[in-house]
Amino acid sequence: MTQLTVNGDREILLVVKTGRQTNLRLAEKVAGRFAEAGIRLRVVEDEAADLDRSCYAEVAPASTAAVGTELVFALGGDGTLLRAAELARPFGTPVLGVNLGRVGFLVEADMDDLDEAVQRVIDRNYHVEERMTLDVAAQVQGEVIAHTWALNEASVEKSSRERVLDVVVEVDARPVSAYGCDGVLCATPSGSTAYAFSAGGPVVWPDLDALLVVPSNAHALFARPFVVSPNSVVAFEIDPHGHPAVLCCDGRRLVELPAGTRVEVAHSSTPVKLVRLKQDLFSDRLVNKFALPVQGWRGPVLD
């Protein structure tokens, strides 16, 4: 493992899914361990009231919470890690997620590994990897109405349940397909095991740079997921005579889209940095998280 050197006082941003008492107790435990090691903890303003005052030395607004911190320590699930990534990405701060939820593909450690994860941070015994993100822009008649980003996926979805969303899908300014659907999304390899997977997309290893395009409940003969170059630009054009839609990035950043909106998605130059504690293969993680059977039907014949 790479030993990371931090000059001066060490400070960590603690992000917690505060809706559960068990999580708050674990946060107190983690805070105590870091305090004993001389590491200051910072928390975000909107979480401070839910946490015991002993958990932190400083409170900061979300917009600057990760500035100057060694890493963001996220206690929760993938949703909590996505929130932590939102705080950390602008400043290049790495994020370490500990899973207190269910599957958790983005988080690095499970609750049983919490003590080890804390100790590894104290010892600076971890390494950091970069994950691809997406730049997302929405425009109407050439005027940009929203500019945001995504770590997992950017989805364009119908805004009314009883309506059908009519879209044209483009790659590199060339139309590829058009259909009525519930929605269509563009995902990163990191997001291939999230919404894209549930919509029928392929699993893509996270060290591969690529863009996944996955329709959701499309009414068309050619409505299959496909994978394109990370250098491509994917666009979704909403029928100007159709219905409005909603742009959703990572399930966190929502933008209402009028009919006729064009959404362009491209590889971002700003990655999210994730802390890794293990050198395990993604194949093993996939098998463990989904409890996949790995013994084939051609197993040994029993007498």
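This is a predicted model: local features need pLDDT of at least 70, side-chain atom pairs count only at pLDDT 80 or more; totals for chains, interfaces and linings use all residues.

Visitor: Which element gives the largest share of the lining of the largest pocket?
Guide: The largest pocket holds about 370 Å³ of space, and 21 residues line it. The largest share, four residues, comes from S7.

Visitor: How many charged residues are in the lining of the largest pocket?
Guide: Among the residues nearest the centre of the largest pocket are Glu 129, Arg 131 and Arg 276. Glu and Arg both count as charged. Over the whole lining, eight residues are nonpolar and five polar, and the number of charged ones is eight.

Visitor: Which elements give two or more residues to the lining of the second largest pocket?
Guide: About 310 Å³ of space lies in the second largest pocket. Its lining has 19 residues, and those closest to its centre are Asp 78, Leu 82, Asn 152, Ala 194 and Tyr 195. The elements that give two or more residues to this lining are helix H3 (78-88) and strand S10 (153-158).

Visitor: What is the volume of the largest cavity?
Guide: A cavity is a space where a 1.4 Å probe fits but cannot get out, whereas a pocket is open. The volume of the largest cavity is about 40 Å³.

Visitor: Which strand supplies the largest share of the lining of the largest cavity?
Guide: The residues lining the largest cavity include Val 95, Gly 97, Leu 274, Val 275 and Arg 276. By class, the lining has six nonpolar, one polar and four charged residues. Strand S5 (95-99) and strand S20 (272-276) each supply at least two of the lining residues. The largest share, three residues, comes from S20.

Visitor: How many disulfides are counted in the model?
Guide: A disulfide needs two cysteine sulfur atoms within 2.5 Å. For Cys 249, the nearest cysteine sulfur is that of Cys 248, 6.9 Å away, and Cys 249 is in no disulfide. For the model, the count of disulfides comes to zero.

Visitor: Is Cys 249 buried or exposed?
Guide: A residue counts as buried when its relative accessible area is under 20%. Cys 55, with a value of 1%, is buried. The relative accessible area of Cys 249 is 0%, so Cys 249 is buried.

Key: Residues are numbered from 1 along each chain as its sequence is written. Side-chain values use heavy atoms; hydrogens and water are left out. On a 1 Å grid over the protein atoms alone, a cavity is a set of points where a 1.4 Å probe fits but cannot get out, and a pocket is an open set with protein on both sides within 12 Å along at least five of seven lines; lining residues have an atom within 4 Å of a point. Grid points are joined across faces, edges and corners, and a volume is the space filled by probe spheres set on the points. Buried means under 20% relative accessible area, exposed over 50%, partly exposed in between (1.4 Å probe, protein chains only).
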